[in-house]
Amino acid sequence: MISIPPIDGQAIQRRLMELSRHSVLKDRLWRPSYTPQEAEVRRQLSGWFAQAGLQPRTDAVGNLYGHAGGAGAKTVLVGSHIDTVKDAGAYDGCAGVLCGMAALQALLAQYGPPRVPVELIAMLEEEGSRFSDASFWGSRALTGQTSRDMLSCRDEDGISLARAMEEAGFDPAKIDTARREDLACYLELHIEQGPILEHRGVQLGIVDSITGIGILRVEITGRANHAGTTPMDLRLDALQAGAKLVLQLPELARVFPNATATAGSFQVLPGSANVVPGQVTMLIDFRAARQEDLDALGLLLDQAAHELEGEGFAVSTHFRDFILPAPLDPGLGRLQEECARDLGYSAMHMISGAGHDCQFFARQVPSALLFIPCQEGRSHCPQEYAAPEDLSRGARMLAATLYRLAWVD
Ligand code: HGY
Ligand code: MN
Ligand code: MN
């Protein structure tokens, strides 16, 4: 029977609130990568890592590590990301880093150094909220899944990823040195970002697989014109066409089990009230648990967009990203079941509809994702919240799993 010391969820929550103050916006939370605000969070975490007994270091792309234990054997890695979406909550990403830190601090204090190297990691640009063509940048670099053209992708101000790295003090030519080939496994704790655990009254989610994600960019060009003198039946209003496509998304997604399709990013040009919109550009985020469904849904969305050409619009589409669905390690899933039982916590197996850094590790090493409930399942919004007792349970579950992986012979 594992003995895991109590872990203070209130202290974790206080630190989450401290980190949430570092934002590029005055009254809302947005922490994109390669910004002074993110550098400040890395600095703050470095100090906390050192206090927790974890030797801090930053890799060539800006991932922050905290190391414990010796060398020579493969490393058990635990962590999550520290960047956020626009108008974010305080828990997505950082909760996984801080629960991991609390778990390792408790184990080091109770059992001394681990038998094999253990590292905590705080990764960057998981959300792609600054560089939408380079989401999961930190975990992609670490697992060698970047592509050269990602470095030239640009943010809304036209700054390339390469330039943003340089301005933050990182050398784009060195990203290959961030590659890790010495990992034994990867663990991540994350808020569920959905309502199932809270709705079922279950304390923990053991994730069996993570959804696949596609991004389809659609540009529809009509004819800008005067809003007052152009009769309604003589227009090519790009926004009307774009709205028609967006209204089809629910019906197209319903074709596949657990699939989603969301036009969360939508630009209208020229954007004046008295001008008939000449062009709209949207990013459609679509997801499915199975690869064949993801491919088929992408095709349906592409076809629906091009059908607008029959009404006289010019339509261009481009698949900007395809992230494969990722089955997670059944062995680690069983280990998490045993740890939950030992700790007296209720747990259920589930699928993740959100993407996670974990799905890039899962292609190379045994990986596990543990969910804690979040209030009303809300996430990617300021209402995002996880209770201190859930943070504590999550940290103790990580501690129990890490103990079995890195302390027990
Ligand atoms: O979009 C996602 O699913 C993740 O939060 N990046
Ligand atoms: Mn997120
Ligand atoms: Mn996340």
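Predicted model: local features only at pLDDT ≥ 70, side-chain atom pairs only at ≥ 80, totals over all residues.

Biologist: What is the phi of Y34?

Modeller: First the general idea: most residues other than glycine have a negative phi, and most peptide bonds are trans. In Y34, phi is near 60°, a positive value in a residue other than glycine.

Biologist: And which residues does a cis peptide bond join?

Modeller: That bond joins L269 and P270, with omega at about 0°. P270 sits in the loop between β9 and β10 (275-276).

Biologist: Now the sheet, please. In what order do the four strands come?

Modeller: In general, strands of a sheet pair through backbone hydrogen bonds, either parallel or antiparallel. Here the order is β9-β11-β7-β12, in an open sheet with antiparallel pairing.

Biologist: How many bridges link β7 and β12?

Modeller: Nine bridges, in the antiparallel sense, connect β12 with β7 (residues 212-221). To find one by eye, look for R217, whose bridge partner in β12 is H318.

Biologist: Which strands does helix α7 touch?

Modeller: Helix α7 (residues 238-253) packs on the sheet and touches β7, β9 and β11 (279-288), its direction making about 175° with that of β9. Helix α8 (residues 291-306) lies across β7, β9, β11 and β12, and runs at about 165° to β12.

Biologist: Let us turn to the ligand. Which residues surround ligand 1?

Modeller: Around ligand 1 are E126, E127, R287, A354, G355 and H380. By class, this shell has one nonpolar, two polar and three charged residues. To read the polar contacts, look for pairs of N or O atoms within 3.5 Å. A nitrogen atom of ligand 1 lies 2.9 Å from a polar side-chain atom of E127. On the oxygen side, one such ligand atom is 2.6 Å from a polar side-chain atom of R287, and a polar backbone atom of G355 lies 2.7 Å from an oxygen atom of ligand 1. The protein buries 89% of the 220 Å² that ligand 1 exposes when taken alone.

Biologist: One last stop: where is Q145?

Modeller: Look in the loop between α4 (137-142) and α5 (161-167). The side chain of Q145 makes a polar contact of 2.8 Å with the side chain of T143. Leaving out residues up to four places away in sequence, Q145 touches R140, F360, R363 and Q364. The C-alpha atoms of Q145 and F361 are separated by 9.7 Å, although these residues are 216 residues apart along the chain.

Note on methods:
Residues numbered from 1 in each chain as written. Chains lettered and ligands numbered in written order. Heavy atoms only, no water. Pairing = 2+ DSSP bridges. Helix = DSSP H or I, 4+ residues; strand = E, 2+ residues; numbered from the N terminus. Contact = heavy atoms within 4.5 Å. Axes fitted to C-alpha atoms, helices over the stretch in contact; angles between N-to-C directions. Near = heavy atom within 4 Å. Polar contact = N/O pair within 3.5 Å; in protein donor to acceptor, adjacent residues only side chain to side chain. Areas by Shrake-Rupley, 256 points an atom, 1.4 Å probe, with all protein chains shown as cover. Nonpolar A, V, L, I, M, F, W, Y, C, P; charged D, E, K, R; others polar.
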